[in-house]
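This report looks at side-chain links and packing in one protein model. Please keep the sequence and the coordinates at hand while reading.

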Amino acid sequence: GRVAVMSDPSEKPQALDGDVVAPGDIAAAVAAELDEAPADGGPCDEAVVAKRGDDRLRIYAVCGPGGALALTALPEVRLGGGATLREANASLAVHDQDGDGHLDLVVNAVSGGRGELHVAYGLGDGRFHATSPPSAGSPDQRTSALSLGDAALEAELADPDRIFVAGEFDRARPGPELVPLDCPLSSTSFKSPICGEIAGECEAVAADVNADGHLDIVVTETQLPDITVHTGASDGTFYPQRLATQCPPHYLAVGDFDGDRVNDIAYFDQQARPSSPKPSTRLDIAYGNAFSAPSAPAGHGRLDAAGGLAAGRILEDAMGAQLFAVRGLPPPRDAAVASGSGLALIEGGRDRLIRAPFYFPAPPGAPSGPGAPPDPGASSSILPVRLLAVAGGLLASEDGAPVQSLAAITALAGEGAPEGTQLWLITVSPEGDNLRAEASGRPGEGAPPCDPCALAALDTDGDRREELVWLGDGEVAVYGEDGGKLVERSRQATAYRFEAIATDVNPSKYVPRPLVADLDGDGRQDLLARADTGEIVALWGRAGGGFDEKALVAPDPCDGDEGCAGLAVALLNADADEALEVAVAGPRRLELHDLDARVRELRRIDAAFPGPPPEPGSDFVALGAADVDGDGVDDLAVAMSSAFLKVFRGKPVLP
């Protein structure tokens with residue numbers, strides 16, 4: 001991923017027009033295509049921001065003429081009848097309430113001390129009216145109280161201890177439904193050594209997060225960690241499952257950020273800061289999987305003073321959706337107070353890495369001076385780093401003894417970044433509370449290329465300290481630690497090309513890590529690695545260093561499936577004897593082999609598995625072996641695809 005701190009830019013971004021809307025004042029934020037007229041360059045969503053206790057909804061267009069990005073305030077929508085937005089448990093839904101084909105805005109509000117629902121009916125051109133169909137004259141840009149004809153449901157939706165979502169959750173009922181969700185208000189805030197005190201209530205988003213064609217509901221609970229995903233069945237029933245978070249999450253947004261046609265879940269969590277007792281805001285994304293639960297959340301960097309997260313689409317050439325975040329802007333250099341809030345645009349992609357936030361520049365005529373942008377364009381102070389390959393092992397030493405460490409190859413990304421890779425040796429600091437990293441040099445100095453490559457740690461010289469083996473395109477090199485850095489010791493040719501990440505599928509998948517063991521019993525460590533052809537290649541350790549190589553097994557033809565996965569291997573004791581067996585898995589393949597160390601070949605064993613092998617078009621296959629049930633015989637875990645894991649329990653062989 002990217003290692004980055006997303007701080008506010010040094011250039012002067014454009015502040016949101018009107019009253020200052022601090023991130024902590026955001027009651028709700030959404031993005032949707034409210035103006036259906038195609039902008040230059042294609043469809044483009046608008047952002048809607050709701051401030052706690054306010055009497056209006058603020059709407060911003062982000063697409064300008066010629067496909068340019070330009071932040072423009074559109075006419076506000078005021079709440080009718082003297083109503084105001086809730087101070088807590090505010091909900092804002094964008095859906096077609098009256099069935100005219102245009103998106104409407106529905107909010108829960110307060111009027112005369114009582115809760116009520118309000119609706120503004122969209123006309124499809126970014127304008128709204130309080131009635132449907134609109135009365136004669138110009139749209140009044142106001143809301144009106146919404147009557148559903150169901151007094152009990154209206155009372156639940158108006159309850160201050162409830163929020164709501166909108167969508168078609170039951171196909172047997174015509175039209176969209178408004179579903180109330182319990183959200184009891186709490187006077188206390190969650191606090192822990194790693195979680196700062198942040199005010200917030202429940203949040204909920206309706207979206208299909210597993211691509212099964214049914215709407216689901218993603219919910220957070222008041223001041224409690226974790227996210228609940230209520231998986232829908234389109235018959236009004238739901239099945240809950242949980243996503244673990246570090247702290248109580250806030251500001252949910254759901255969209256397909258990596259372009260794989262499955263929605264992902266974004267939110268703000270917290271992370272500890274060694275230099276400050278106050279935790280910082282972190283953007284996390286749990287990427288969705290088709291017909292399965294979302295992946296575990298992945299951190300994407302700090303985004304301090306941020307709130308009001310929403311998902312939308314405004315970039316014509318982007319793979320997926322983008323994120324809008326309202327952020328507090330720092331004060332100008334000559335001012336003592338901040339200048340309000342700006343709208344940051346965050347882009348994802350198929351590599352599941354986010355791009356630096358884009359800030360809309362100050363419009364022409366804005367005060368000039370220190371920090372003013374020299375010309376329009378994106379602005380950011382982020383330095384993105386792309387991780388290309390990583391391996392862990394006893395690569396470093398402390399007082400003469402080997403210690404656990406990481407080796408990583410990275411490259412700087414972004415326009416104007418220096419070319420070339422860097423090879424890092426990462427160890428634990430003497431205090432044990434942080435990591436320290438030492439690069440082989442500046443980008444392009446002392447580091448091998450990695451387009452592509454794979455890494456493995458093994459002891460090549462028998463000194464009980466591991467070296468780093470770099471597997472590249474037609475070459476293999478060995479690196480050892482010297483003075484806290486990794487330096488090259490030897491290099492040889494290979495007939496194969498190796499990779500740590502498979503990029504011919506979307507999203508990209510990690511290739512199973514190389515397997516290290518003394519396979520032939522000669523006292524030297526050997527290596528099994530998957531080449532980019534899908535073959536399993538053995539690198540047999542030689543006396544004095546270096547490797548002999550041989551392909552042990554090749555995958556079946558892929559029937560033209562471009563993203564077909566290669567093979568994976570694992571070592572296990574399947575029959576409780578002294579010798580280890582080799583398990584091989586891949587599309588249409590699930591086999592057990594003996595290794596003939598004398599001739600260095602695999603010989604297939606006639607073993608039956610209680611289930612079929614991975615499907616022919618599987619996008620990912622991996623293996624792991626261990627005695628998970630303690631019966632003395634190893635068991636086999638098979639990743640049949642990127643979203644499905646199966647465990648085969650080994651059976652003891654009785655005399």
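The sections below take up the basis of the values, the disulfides, the aromatic pairs and the nonpolar cores.

## Basis of the values

The model is predicted, so local features are reported only at pLDDT of at least 70 and side-chain atom pairs only at pLDDT 80 or more, whereas totals for chains, interfaces and linings use all residues. Residues are numbered from 1 along each chain as its sequence is written, and side-chain values use heavy atoms, with hydrogens and water left out.

## Disulfides

A search of the whole structure finds three disulfides, a disulfide being a pair of cysteine sulfur atoms within 2.5 Å. One of them joins cysteine 183 to cysteine 202 at an S to S distance of 2.1 Å, and because the torsion about its S-S bond is about 105°, this disulfide is right-handed. Cysteine 183 and cysteine 202 both sit in the loop between strand S12 (177-182) and strand S13 (203-207), 19 residues apart; strands here are DSSP runs (E, at least two residues), numbered from the N terminus. Cysteine 183 has 0% relative accessibility and counts as buried, a word that means under 20% relative accessible area, with exposed meaning over 50% and partly exposed in between (1.4 Å probe, protein chains only). Cysteine 202 is likewise buried, with a relative accessible area of 6%.

Cysteine 195 and cysteine 247 form a disulfide with their sulfur atoms 1.9 Å apart, and the torsion of -85° about the S-S bond makes this link left-handed. The pair connects distant parts of the chain, since cysteine 195 lies in the loop between S12 and S13 and cysteine 247 in the loop between strand S16 (238-243) and strand S17 (250-255), 52 residues apart. Cysteine 195 is buried at 2% relative accessibility, and cysteine 247 is buried at 0%. Cysteine 450 and cysteine 453 also form a disulfide, with sulfur atoms 1.9 Å apart; its torsion of -75° makes the link left-handed, and both cysteines are buried.

## Aromatic pairs

The search of the whole structure finds three aromatic pairs, where rings of Phe, Tyr and Trp (its six-membered ring) pair if their centres lie within 6.5 Å, and planes under 30 degrees apart count as stacked, over 60 as edge-to-face and the rest as tilted. Among them, phenylalanine 169 and phenylalanine 238 are edge-to-face, at 5.9 Å centre to centre and 65° between the planes. Phenylalanine 169 lies in the loop between strand S11 (162-167) and S12 and phenylalanine 238 in strand S16, so the pair ties together parts that are 69 residues apart in sequence. Phenylalanine 169 is buried at 4% relative accessibility, whereas phenylalanine 238 is partly exposed at 26%.

The rings of phenylalanine 609 and phenylalanine 648 have their centres 5.5 Å apart and their planes at 75°, so this pair is edge-to-face.

## Nonpolar cores

A nonpolar core is a set of buried Ala, Val, Leu, Ile, Met, Phe, Trp, Tyr and Cys residues joined through side-chain atoms within 4.5 Å. The largest such core has 36 residues, of which Ile409, Leu468, Val469, Leu471 and Phe498 touch the most other members. Leaving aside residues up to four places away in sequence, the residues that valine 469 touches include Ala454, Leu455, Val476, Leu527 and Phe547, contact meaning heavy atoms within 4.5 Å. A second, separate core of 32 residues includes Ile26, Ala29, Val49 and Ala321.

How values were computed. Helices (H or I, at least four residues) and strands (E, at least two) are DSSP runs, numbered from the N terminus.
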